[in-house]
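I opened this notebook to record what I looked up about how two chains meet and about one stretch of surface. The entries follow the order in which I checked things.

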Amino acid sequence: MTSTTANDAIIRTAEGVPLKLKLLRTTRRNRIVAFCLVVPLLLFILVTFLVPIAVMLLRSVDNPIVAETLPQTVAALEHWSGQGVPDEAAFAALAEEFTLARENRTIGRAATRLNFELSGMRSLVTSTARTLSRGEQGPYKELLIEIDGRWGEQKTWATIKLIGQRYTTVQYLASFDLHYDAAGRIVAQPEVRQIYVQIFMRTLWVSLLVTVLCLLLGYPVAYLLSTLPSRISNMLMILVLLPFWTSLLVRTTAWIVLLQTHGVINDLLVWAGLIGDESRVQMIYNMTGTIVAMTHILLPFMVLPIYSVMKTISPSHMRAALSLGANPLVAFWRVYAPQTVPGIGAGSILVFIISIGYYITPALVGGRTGQLISNFIAFHMQKSLNWGLAAALGTVLLACVLLLYWLYSRVVGLDKLKLG
Amino acid sequence: MPEPNDSLVRFNEVEKTYDGETLVVKSLNLDIARGEFLTLLGPSGSGKTTCLLMLAGFEPTTHGEIILDGEPINNVPPHKRNIGMVFQNYALFPHMTVEENLAFPLEVRRLPKTQIAEKVRRALDMVRLRGLGSRMPSQLSGGQQQRVAVARALVFEPKLVLMDEPLGALDKQLREQMQYEIKHIHEDLGVTVVYVTHDQSEALTLSNRIAVLNDGVIQQIDTPNKLYENPENAFVAQFVGENNRLLGKVTSINGTGCSVEIDGGGKVEALAVKIDGVGGRTLLSLRPERVRINPTEGQVPNVFDGRVEELIYLGDHIRARVKVCGQDHFIVKIPNASGHSELHKGDQVKVGWAVEDCRALDA
């Protein structure tokens with residue numbers, strides 16, 4: 001007995017095939033069928049979701065514009081020490097490629113790209129290219145410095161060298177309000193240009209606040225729903241779900257109607273004499289508006305997971321706790337509440353993750369102070385067309401969410417997550 | 001009946017309605033003696049669980065009074081009643097270990113830690129689960145979970161323990177084993193137990209007294225053997241144990257006995273237990289094991305011709321379905337003792353029974 005167990009650590013079938021292998025073979029068909037069932041969706045997600053996201057994320061480091069428009073200049077600058085101004089070769093390459101790029105109409109893109117890093121570069125580049133296109137001849141060093149004195153400055157050339165890199169980390173630095181100074185060191189942006197760290201912090205803070213508000217408002221509702229007879233609770237559940245069936249835009253607009261300076265709530269307050277007509281409360285187009293509207297819109301995402309967990313808790317647990325001598329509060333706190341933790345966790349992580357990337361509501365009711373990071377990402381996607389920075393900010397946001405998810409799985413455990 | 005001053009629980013004219021239209025419990029009077037094991041036995045919807053919930057304090061009474069240890073408890077909330085309760089689905093707290101479950105009633109009573117540990121240890125020993133204290137309830141088998149639930153209801157030493165079909169979820173063998181364990185725990189601790197079940201054999205095994213409930217009314221309350229031997233009405237006779245039923249009309253009454261004309265033909269001498277008088281309808285109740293096959297001449301007054309329709313071999317006894325007095329479903333239990341009568345399907349036999357085994361009850 002003892003000798004066989006030592007030798008036969010692997011259990012074999014009668015033919016001598018290891019049992020595990022045999023099991024794999026016999027279940028192979030089932031696994032292939034299961035895989036085939038998900039293949040269409042998998043392909044769909046791959047093509048329409050994963051690949052675009054990957055491409056987008058790649059944009060945060062991909063930096064082709066300047067490298068493609070001014071390849072010779074970038075090559076010439078490779079040997080430049082970074083001190084003073086580069087030699088004639090770089091000036092010559094720049095002048096030649098500026099003329100060429102102007103003819104090809106690619107100079108604008110490069111100018112815009114350079115301008116993201118150092119403001120004023122756009123006008124410098126376009127005006128220089130315009131002057132050069134009149135057929136001016138070298139030596140280019142003196143010529144360019146004559147056209148614009150900034151060509152004699154080290155930081156102009158340092159910017160071209162930096163942005164000329166095919167792959168770059170400048171967007172990530174920018175996401176954290178950092179940049180390379182003229183000497184190539186990573187330093188903080190000038191104070192007036194520091195925004196993203198603050199916006200990230202604001203986004204996290206708003207998300208946390210909305211999550212806590214949703215929990216405080218949603219938990220009692222979920223408890224009520226789970227304890228009422230199903231006839232009544234089904235009706236109330238429809239009320240909870242009603243927002244899901246209404247357009248997000250309609251709901252947000254409704255909040256505008258309610259909260260604006262001459263809206264329903266302010267009118268009521270004035271009518272009731274609680275505030276004067278001249279001191280109406282600003283409740284929308286600021287942070288308050290964002291928080292109120294987001295809490296309302298995300299509430300069902302908190303109520304539903306908590307409700308579904310509460311529904312599974314047997315009422316006999318509370319009865320047992322009472323019969324064992326615990327007063328109702330103690331029974332609730334020690335017996336009921338701990339069993340709802342998976343629902344709280346699921347609801348909170350759901351609300352938090354949705355709110356961290358929330359866009360439309362802050363855009364509509366956030367005004368100037370209620371904007372979140374996604375509004376800035378959208379701004380860089382649509383207005384400033386700095387896709388690289390948008391991609392970097394998006395990547396940082398994604399990393400934040402994944403980090404939180406990981407933390408949650410470490411602290412609470414993903415198996416405890418219950419989404420209904 | 002126990003002496004009134006010895007009663008721990010008294011239901012005084014208790015009534016209960018949930019919807020304001022039908023009474024689930026109708027003017028219930030019940031005395032439960034100290035140290036007694038009383039079972040409320042009845043079909044589902046008979047009001048037995050409602051009685052238990054009212055006693056535990058989870059359902060208010062609509063009318064009447066419940067008195068525990070001399071004090072009316074109608075307005076005492078459940079957590080102050082000091083009554084242990086075992087639930088059908090165990091109701092162990094799934095997020096606590098076995099030990100934490102057992103310590104819970106002691107912790108909420110603010111007992112010192114050392115005392116809690118000692119009581120928990122003893123409780124675990126009592127239900128023979130020593131060494132499983134650090135397990136979670138989900139890691140235990142059904143029987144083990146049930147033992148923990150019993151231990152938890154007893155660990156704070158309540159005077160009264162309520163059990164609501166605690167063995168309903170267990171398989172047959174385990175259920176029987178747990179019945180003995182509960183019985184022994186009751187005997188050892190001397191605690192008063194009120195037990196609810198719809199399983200008559202469980203009630204017979206465990207109880208000192210059984211109250212048979214139907215339609216919110218106690219039909220009969222008696223010791224197990226009296227309940228089985230002397231059912232007072234047709235419902236009790238049918239609900240407790242197996243029972244042959246013969247419908248008929250009373251033709252004459254003589255003292256404790258009566259003569260009954262059976263609908264299917266034949267005249268039976270029976271014990272008059274609950275009849276309306278001569279001419280009234282009655283239901284004769286007859287236990288299958290009290291019927292004799294081919295009795296000796298003159299041994300019993302009731303002898304009829306029958307035909308064996310079906311035989312089922314059950315090991316310790318043989319069930320014979322016999323056609324008697326136009327009744328197709330007349331069951332006879334023949335003990336599988338040495339020298340028992342050999343029967344075959346289709347045999348013509350005589351069946352007979354004594355007067356005192358045949359009880360004339362309300363139709």
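This is a predicted model: local features need pLDDT of at least 70, side-chain atom pairs count only at pLDDT 80 or more; totals for chains, interfaces and linings use all residues.

I then looked up which helices of chain A take part, and helix 16 (315-323) and helix 17 (328-356) each supply at least two residues of the side that touches chain B. Helix 16 of chain A gives the largest share of that side, namely seven residues.

Next I turned to salt bridges, of which the rule finds one across the interface of chain A and chain B. I identified Arg334(A) and Glu107(B) as partners in a salt bridge, with their closest N and O atoms 2.9 Å apart.

For the extent of the interface, I noted that 18 residues of chain A are in contact with 22 residues of chain B, and that the area buried between the two chains is about 1,700 Å², with 67% of it given by carbon and sulfur atoms. On the chain A side, Arg319(A), Leu324(A) and Arg334(A) lose the most area to chain B, together accounting for 40% of what that side buries.

My last entry concerns a nonpolar surface patch of about 990 Å², made by residues of chain A including Leu41(A), Phe44(A), Val47(A), Phe49(A) and Val55(A). I located Val47(A) in helix 2 (residues 19-59) of chain A, and I recorded Val47(A) as exposed because its relative accessibility is 59%, where the cut-off for exposed is over 50%.

Technical notes
Residues are numbered from 1 along each chain as its sequence is written. Chains are lettered from A and ligands numbered from 1 in the order in which they are written. Side-chain values use heavy atoms; hydrogens and water are left out. Patches are made of residues with over 30% relative accessible area and no salt bridge: like charges are joined within 9 Å, nonpolar side chains (Val, Leu, Ile, Met, Phe, Trp, Tyr) within 5 Å. Accessible areas come from the Shrake-Rupley method with a 1.4 Å probe; for residues, only the protein chains shown count as cover. A salt bridge is a side-chain nitrogen of Lys or Arg within 4 Å of a carboxyl oxygen of Asp or Glu. Helices (H or I, at least four residues) and strands (E, at least two) are DSSP runs, numbered from the N terminus. Buried means under 20% relative accessible area, exposed over 50%, partly exposed in between (1.4 Å probe, protein chains only). Contact means heavy atoms within 4.5 Å. Buried area is the accessible area (1.4 Å probe) that two parts lose on being put together, summed over both.
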